[in-house]
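Visitor: Could you take me through this structure and, for each label you use, set the value against its definition?

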Amino acid sequence: MSQGLLDRSRIVAAPGWSRWLVPPAALSVHLAIGQAYAWSVFKPPLESAMDLSGTQSALPFQLGIVMLGLSAAFGGTFVERNGPRWAMFVSLVCFSTGFLVAALGVATGQFWLVVLGYGGIGGVGLGIGYISPVSTLIKWFPDRPGMATGIAIMGFGGGALIAAPWSSWMLDSFGADSSGIATTLVVHGLAYAAFMSLGVLLIRVPAADWRPPGPPRTAATARRMITTANVSARNAVRTPQFWCLWVVLCLNVTAGIGILEKAAPMIIDFFADTATPVAAGAAAGFVALLSLTNMAGRFIWSSTSDVIGRKNVYRVYLGAGALLYLVIALAGSLSTPVFVLAAMGILSFYGGGFATVPAYLKDLFGTYQVGAIHGRLLTAWSVAGVLGPLIVNAVADSQEAAGRTGADLYTLSLFVMIGLLLIGFVANELIRPVDSRHHEPAEGDPAPVEKSEKAEKTAKPEQTAKSEKGATR
């Protein structure tokens, strides 16, 4: 296998190969694995066909997100070592196999196979696929890393916009019973395998001496903290910069997912006791609008970061996000447009945070093992995926138990989110360039043994004599 299609040496781009073919290759993977956000389409038919509760039918998705974070964290080094084609192929095999195993579980009435297939095996495909193109995109677009990663990660946000109606159409066509659900899952597995194979075949890495066309863009180097050195994944997690950025990503995602997970009931509750109540159909449209905003924010804000710098754009995500939460808390129930626009802004920052963080990592740690570092950082997503919904739902439940209704159910949780965003803002301000002691030796630098020999030569005569005496002994 290593000497065939997946051999890293065979995917080095030939001279003249267009780097603009790399984003479509990345999109073919991210649009596919973005199907995970459309799992809710399968929940009602599964609950009916397999006699499941709502909590049980959510298990495949929940395990999938957990496995996404874990496989990205632990598989990042293998992705860097074996290259993007290997990573995309592994993602294809795991993601598609997950659908087929889940289909077998539905057909045989074994729900544990659905959880294992879609959540366990498919979740590994999610994590490896999510980070598979990141390092390659940054190497092809060192002049515009935010835009490049934004294009790919936008695909993950937009995958559900394709998968949701497509899955609904197939369930209507094949039926919502066990046989129809199993058939739909099989078609998903085969179709996504074919679609993702386009990325496997198309992906290329730049030659070692390749440089982007045009003059180097150096005017904003200091503002963006762009490093001229590299830091290994092992060393990166030992730096305060990594953990500050971990806090930044975790709290930004917590704030966004807190609204996204509760969007429909939240807007209904906010206007339930007003002259302009929101119907269930309009609430569903609001959720779709937030998904579009989430997807658009991934490209728009990450591209903006190439102009104003990564630290500045996170100041917008966290500072403006806190202000928008304050608007919802104080005036959200007074006007539907105000509530919708503020929520859209928060969700655009949520998506933008995901898309901008790989470029931020590149600025701080270089391109050496940025994919592996990104994988480790995504554990912040796993934590936020639990923390955000927990805060909003737990507070709403406690307020309801206290007899409160409408917008009062969420006021406390909104102020909690403001506090978390302000903590994230401070963490972002604490980020500084990485100390040189964490850098990998630059090409041409003396090896560590040479440095030791040099130090030995400059040692005091009596120390040298003692060393020689010890060696004779």
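**Labels and their cut-offs**

Visitor: Why is C244 called buried?
Guide: C244 has a relative accessibility of 16%, and buried means under 20% relative accessible area, with exposed over 50% and partly exposed in between, for a 1.4 Å probe and protein chains only; C244 therefore counts as buried. At 4%, C250 counts as buried as well.

Visitor: What kind of model is this, and what rules apply to its values?
Guide: This is a predicted model, in which local features need pLDDT of at least 70 and side-chain atom pairs count only at pLDDT 80 or more, while totals for chains, interfaces and linings use all residues. Residues are numbered from 1 along each chain as its sequence is written, and side-chain values use heavy atoms, with hydrogens and water left out.

Visitor: How many disulfides are there, and by what rule?
Guide: A disulfide is a pair of cysteine sulfur atoms within 2.5 Å, and by this rule the count is zero.

Visitor: What is said of confidence along the protein chain?
Guide: The pLDDT, which is the predictor's confidence in each residue from 0 to 100, has a mean of 85 over the protein chain, and 89% of the residues reach 70 or more. Over residues 218–222, however, the pLDDT is below 50, and this stretch has one contact in the model beyond near neighbours in sequence, a contact being heavy atoms within 4.5 Å. Residues 447–473 also stay under 50, with three contacts beyond four places in sequence. Where pLDDT is low, the predicted coordinates should not be read in detail.

Visitor: Why is the pair of F95 and F99 called edge-to-face?
Guide: Rings of Phe, Tyr and Trp (its six-membered ring) pair if their centres lie within 6.5 Å, with planes under 30 degrees apart counted as stacked, over 60 as edge-to-face and the rest as tilted. The ring centres of F95 and F99 are 5.1 Å apart and their planes are at 85 degrees, so the pair is edge-to-face. Both residues are buried, and they lie four residues apart in helix α5, which means that about one helical turn separates them. Together with W39, F42, Y118, W166 and Y192, they form one aromatic cluster.

Visitor: What makes S96 buried, and what is it in contact with?
Guide: S96, in helix α5, has a relative accessible area of 7% and is therefore buried. Leaving aside neighbours within four places in sequence, S96 is in contact with G189, Y192 and A193.

Visitor: What is the largest nonpolar core made of?
Guide: A nonpolar core is a set of buried Ala, Val, Leu, Ile, Met, Phe, Trp, Tyr and Cys residues joined through side-chain atoms within 4.5 Å. The largest has 126 residues, and Y130, L245, F270, Y325 and F365 have the most contacts inside it. Helix α16 (residues 336–365) gives the most to this core, with 15 residues.

Visitor: How do you know that L361 is buried?
Guide: L361, found in helix α16, has 0% relative accessibility and so counts as buried. Beyond four places in sequence, its contacts include L245, V370 and L377.

Definitions and conventions:
Helix = DSSP H or I, 4+ residues; strand = E, 2+ residues; numbered from the N terminus.
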